[in-house]
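Student: Could we go through this one together and ask what each label rests on?

Tutor: Gladly; here it is.

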Amino acid sequence: MSTPKQLSLSPATRAVQALHSLDERTGAVVPGIELSSTFARNADYALLGDYVYGRYGGPTTSHAESVIGALDGSAASLLFGSGMAAFVALLETLETGDHLVLPQVMYHGGLDWVRRLEAKRGIGVTLFDATDPDGLANAMREDTKLVWIESPTNPSWDVIDVAAAADIAHAAGALLAVDSTVAPPVTMQALTLGADVVFQSATKYLNGHSDLTGGVLSLAGDGPLAEELALVRKLQGSVMAPFDAWLLIRGMRTLYLRYEKSSANALAIAEHFDGHPAVEAVLYPGLPSHPGHEVAKRQMTGGFGGMLSLLLKGGEEAARDTARYCQVFFPATSLGGVESLIEHRKTVEGPHSLVAPNLLRLSVGIEDVNDLIGDLEQAMERAG
Ligand SMILES: Cc1ncc(COP(=O)(O)O)c(C=O)c1O
């Protein structure tokens with residue numbers, strides 16, 4: 001790999017060129033893939049290179065981590081086999097008796113894990129209402145070690161002020177971790193806003209093609225936390241595999257373009273259905289009527305993303321039927337891919353879900369927006 005050192009390049013250029021990847025031996029401008037799960041030593045038993053064994057990490061995963069590090073502006077970035085594996089690794093650094101604060105509406109798998117942690121590991125947990133301006137401050141305790149926030153929050157897309165959350169966490173001596181899956185570094189620089197850790201499910205926008213699962217933790221510092229996380233990942237065996245890392249490098253080359261187009265499409269859909277006779281409300285931070293719009297404008301400088309929810313006037317049945325009758329949107333879970341997805345979120349989350357029964361979550365892709373609007377129109381009309 002050779003990176004032009006004399007130039008100060010934007011993260012967009014660095015992502016497109018996968019850090020100006022160029023194989024000096026062959027001239028290949030596309031990064032190669034290193035699948036080896038073990039790495040040899042010389043006659044003195046010293047390692048020939050920087051790597052030991054696949055479970056500890058390898059060259060292709062390191063390359064992907066360097067690209068993410070350039071995007072996030074991190075001191076260290078660690079890739080895992082899924083977003084949940086990264087989340088679990090971070091929580092593994094807490095000790096019994098520590099206190100953890102999270103929003104009550106966030107990715108439901110994360111909440112499921114936290115409930116286990118509370119019951120089995122004796123970690124204190126307080127959930128706060130992200131729509132209450134004092135919610136986070138009131139949730140803090142003297143023994144709070146970690147504040148985890150998600151912005152915008154899934155699937156209501158409430159916006160949490162990251163800089164304000166960092167001040168609250170730091171004043172109590174806690175770390176702030178931000179789930180930035182829906183607002184990747186293209187639009188929100190969580191570390192610059194004051195977070196200590198930024199998390200993304202790489203399954204989503206970072207990769208963008210719905211063909212791998214992955215998660216990343218990017219850290220503001222490369223001190224003891226980075227070392228502990230690397231150790232946890234090595235012992236848990238949760239590192240991202242080389243082939244997935246290679247796909248991820250390819251996906252990130254178009255991250256900026258994809259995010260821009262998804263954001264433009266989602267805004268057009270939000271504006272179209274705002275005030276529509278079949279729709280009670282559109283939840284999208286890009287709409288000026290959204291309660292988090294002003295904060296979103298300040299902290300999401302590269303677009304409001306492709307995620308939005310529609311609350312249907314016809315209730316749960318109309319929502320489920322609309323999803324069922326779509327022909328362009330795929331009725332599938334996940335988000336952040338080039339193809340548009342629709343789901344009845346309450347059904348997907350199960351009986352514990354706090355999500356409104358008339359809510360449809362859309363992950364808007366990069367298709368022709370008129371096809372997407374037309375599809376929703378015909379499905380809503382059929383659903384009555
Ligand atoms: C906001 C958010 N955070 C975390 C996750 C978990 O990531 P993964 O599915 O890659 O484990 C998801 C998955 O849907 C998500 O949407």
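Student: In what handedness does helix 9 pass helix 13?

Tutor: Helix 9 passes helix 13 in a right-handed crossing. A crossing is right-handed if the near helix is turned clockwise from the far one by less than a right angle, and left-handed if anticlockwise. Before we go on: this is a predicted model, where local features need pLDDT of at least 70, side-chain atom pairs count only at pLDDT 80 or more, and totals for chains, interfaces and linings use all residues. Residues are numbered from 1 along each chain as its sequence is written.

Student: Which residues of helix 9 and helix 13 meet?

Tutor: Asn 265, Ala 268, Ile 269 and His 272 in helix 9 meet Val 369, Leu 372 and Ile 373 in helix 13; contact requires C-beta atoms, placed from the backbone, within 7 Å. By class, that contact has 5 nonpolar, 2 polar and no charged residues.

Student: Why are helix 3 and helix 4 called roughly parallel?

Tutor: Their axes, lines fitted to C-alpha atoms over the stretch in contact, cross at roughly 30 degrees and come within 11 Å. Angles under 35 degrees count as roughly parallel, over 145 as roughly antiparallel, 65 to 115 as roughly perpendicular and the rest as oblique. Helix 3 and helix 4 are therefore roughly parallel to each other.

Student: Which residues make up the contact between helix 3 and helix 4?

Tutor: From helix 3 come Met 84, Phe 87, Val 88 and Leu 91, which meet Gly 109, Gly 110, Trp 113 and Leu 117 of helix 4.

How values were computed:
Axes fitted to C-alpha atoms, helices over the stretch in contact; angles between N-to-C directions. Helix = DSSP H or I, 4+ residues; strand = E, 2+ residues; numbered from the N terminus. Contact = placed C-beta atoms within 7 Å. Nonpolar A, V, L, I, M, F, W, Y, C, P; charged D, E, K, R; others polar.
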